[in-house]
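Colleague: Hi! I'm new to this one, could you walk me through it?
Modeller: Happy to, let's open it up together.

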Amino acid sequence: MATSRLFRTSAAALAATALLISGCSSGSSSPDSAASPGGRTEAGAQRPAEAASLAPLPAATPSGLRPYYDQKLSWHPCGVAGFECATMEAPLDYAKPSADTDLKLAVARKKATGPGRRIGSLQVNPGGPGASAIEYLQQYAPQPAAIRARYDMVAMDPRGVARSAPVECLSNKQMDRYTQTDVTPDSPAEVNKLTSAYRSFAKGCASRAGKLLGHVSTIEAARDMDVLRAVLGDKKAYYVGASYGTFLGATYAGLYPSRVGRMVLDGALNPALDSRTVNLNQAAGFDTALRAFAADCIKHKNCPLGTKSVDDAGRQLAALFKRLDAHPVATGEQRKLTESLATTGVFAAMYDQRAWPVLREYITQAKSGNGRGLLSLSDSYYERDPNGTYANQMYANPAVNCLDLATAFTSPDQVRAALPSFRKASPVFGENFAWSALNCAYWPVKPTGTAHRIEAKGAAPILVVGTTRDPATPYVWAKALAAQLSSATLLTYEGDGHTAYGRGSKCIDNAINTYLLNGTVPPKGKHCK
């Protein structure tokens with residue numbers, strides 16, 4: 001099932017870095033608890049003015065952490081030409097560092113190619129949580145030769161992700177069944193099936209991940225980033241983060257404001273929001289994206305959602321989902337296209353308008369009884385390969401988020417009470433977002449955080465980037481984060497899709513590249529189309 005709080009990077013449309021967040025996470029507004037992620041308020045209405053500000057860590061490195069900061073990495077070739085890899089050690093629990101419980105975190109690097117003076121190490125993270133930063137770096141980032149010339153390009157898979165002590169929860173066959181679970185239940189029996197699926201998923205994570213499940217928070221990942229900065233020999237941290245990667249980067253800035261070098265936060269999250277508000281905002285964001293897709297679709301004579309109006313197109317898509325709920329269609333393999341898989345496939349195509357022609361074709365196929373196309377989109381979103389094997393992202397994702405934020409809802413009754421507001425936010429997707437936000441209610445590890453503002457007072461200039469019709473990280477979030485960060489400048493992309501850097505806008509790319517190379521932020525209020 002597509003859980004709520006779905007974030008995705010700009011890596012490539014429907015590529016392996018599909019980003020999805022599971023409607024839960026939390027943290028402490030004071031990082032002195034070390035292992036606690038930086039937080040947000042309990043589920044309810046947005047109250048950013050009341051949210052505490054994330055407090056910075058002391059400038060001096062605690063003696064118990066000195067061995068980690070002083071470690072030397074052993075680099076070696078790692079399969080992709082020009083890249084070298086290493087393993088960095090970090091404490092499982094920053095409050096109780098011990099060699100007996102150290103985590104081994106995977107790091108990859110491509111050294112600066114020149115010409116020009118090397119600026120430093122540019123850490124990148126594509127988001128998620130749960131996307132492999134190493135895979136992203138090696139396959140997609142960064143394209144500009146000028147950036148590669150002046151920076152060592154560096155990626156570390158965060159704790160619990162991919163090559164860094166990956167969280168595991170279900171077998172591949174169990175995950176197949178889980179993704180087909182009906183997330184818009186129509187009866188008490190279907191509600192019971194959904195909550196049973198959430199319980200089984202959580203139980204699987206608890207049995208397979210063990211103690212790690214309590215130590216994959218965003219604050220811990222941000223602290224790992226600072227260890228990496230030190231062992232790379234950099235006095236300042238240089239960073240480009242997309243989607244959830246903006247929350248990770250902003251958290252780093254909040255904890256270590258004096259160590260921020262140049263930081264790009266593209267497709268920003270607002271850390272002052274509780275989980276329910278995040279899910280409600282995202283339902284509205286995907287509704288905006290759907291309406292943009294529908295407005296484009298009805299211009300084509302072969303639009304599978306008709307040519308009358310945007311509202312009519314939405315109704316036709318909702319009708320298709322309802323038919324698939326009652327009668328899943330064949331896909332050419334054992335799995336049929338269910339309502340939940342079809343919805344996930346549509347979600348996947350909302351991240352990049354370049355996927356809209358493909359989505360039109362696949363909706364046409366589904367209406368005629370062939371679900372192969374939408375299933376392929378769903379599989380790409382879930383990182384399921386043709387052999388039926390799932391990547392770790394869909395396990396790491398709720399593991400991080402259910403720790404980072406308190407659950408949006410604690411019972412089915414709370415979801416039912418909230419359904420009218422979610423349907424208002426998105427007539428087509430609202431119910432899906434509401435019920436998906438229940439998953440962390442059954443998580444085996446208690447959340448450790450609350451909503452918070454991130455001000456990062458004293459940090460060097462930070463560049464926040466927002467896209468006006470971004471489905472997964474609504475533009476209002478970028479505006480809010482830029483307003484919170486004391487040294488932030490907001491760069492706006494007036495367009496569709498999730499994130500802006502590297503997606504075809506020369507105006508955006510030039511502004512970001514200039515900042516990374518010279519430290520010069522664009523003029524206040526700059527908009528690109």
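Modeller: One term before we start: a disulfide here is a pair of cysteine sulfur atoms within 2.5 Å. Please also keep in mind that this is a predicted model.

Colleague: Thanks! How many disulfides does the structure hold?
Modeller: Five. One of them is formed by cysteine 297 and cysteine 303, whose sulfur atoms are 2.0 Å apart.

Colleague: What handedness does the link of cysteine 297 and cysteine 303 have?
Modeller: Right-handed, with 105 degrees about the S-S bond.

Colleague: And is cysteine 297 buried or exposed?
Modeller: Buried, at a relative accessible area of 0%. Cysteine 303 is buried as well, with 8%.

Colleague: Which cysteine is joined to cysteine 78?
Modeller: Cysteine 78 is linked to cysteine 85, S to S 2.1 Å. The torsion about their S-S bond is about 65 degrees, so this disulfide is right-handed. Cysteine 78 is partly exposed, with a relative accessible area of 21%, while cysteine 85 counts as buried at 13%.

Colleague: Why is the disulfide of cysteine 507 and cysteine 528 called left-handed?
Modeller: Because the torsion about the S-S bond of cysteine 507 and cysteine 528 is about -60 degrees. Cysteine 507 sits in helix H17 (residues 506–518) and cysteine 528 in strand S12, so the pair ties together parts that are 21 residues apart in sequence. As for accessibility, cysteine 507 is partly exposed at 26%, and cysteine 528 is buried at 1%.

Colleague: You mentioned S12. What is the order of strands in the open sheet?
Modeller: The open sheet has 10 strands in the order S2-S3-S4-S6-S5-S7-S8-S10-S11-S12, and the pairing is mixed. Strand S2 (76–77) and strand S12 (527–528) are at the edges with a single partner strand each, so one side of each has no neighbour in the sheet.

Colleague: How many bridges join S11 to S12?
Modeller: Two, and these strands run parallel; S11 covers residues 488–496. Threonine 492 is found opposite histidine 527 in S12.

Colleague: Which strands does helix H16 lie across?
Modeller: H16 (residues 475–484) lies across strand S8 (260–266), strand S10 (462–469), S11 and S12, and runs at about 160 degrees to S10.

Colleague: What about the burial of S3?
Modeller: Five of the seven residues of S3 (residues 84–90) are buried, so the strand is largely enclosed by the rest of the structure. S3 also pairs with strand S4 (residues 103–110), antiparallel over seven bridges. In that pairing, glutamate 89 stands opposite lysine 104 in S4.

Colleague: New topic: at what angle do helices H6 and H7 pack?
Modeller: About 70 degrees, with the axes of H6 (residues 218–231) and H7 (residues 244–255) 9 Å apart. Angles of 65 to 115 degrees count as roughly perpendicular, and H6 and H7 are therefore roughly perpendicular to each other. Their crossing is right-handed.

Colleague: Which residues make the contact?
Modeller: Among them are Ile219, Ala222 and Met225 of H6, along with Phe247, Leu248 and Tyr252 of H7.

Conventions: Residues are numbered from 1 along each chain as its sequence is written. This is a predicted model: local features need pLDDT of at least 70, side-chain atom pairs count only at pLDDT 80 or more; totals for chains, interfaces and linings use all residues. Side-chain values use heavy atoms; hydrogens and water are left out. Two strands pair if DSSP finds at least two bridges between them. Helices (H or I, at least four residues) and strands (E, at least two) are DSSP runs, numbered from the N terminus. Contact means heavy atoms within 4.5 Å. Axes are lines fitted to C-alpha atoms, for helices over the stretch in contact, and angles run from 0 to 180 degrees between N-to-C directions. Buried means under 20% relative accessible area, exposed over 50%, partly exposed in between (1.4 Å probe, protein chains only). Angles under 35 degrees count as roughly parallel, over 145 as roughly antiparallel, 65 to 115 as roughly perpendicular and the rest as oblique. A crossing is left-handed if the near helix is turned anticlockwise from the far one by less than a right angle, and right-handed if clockwise.
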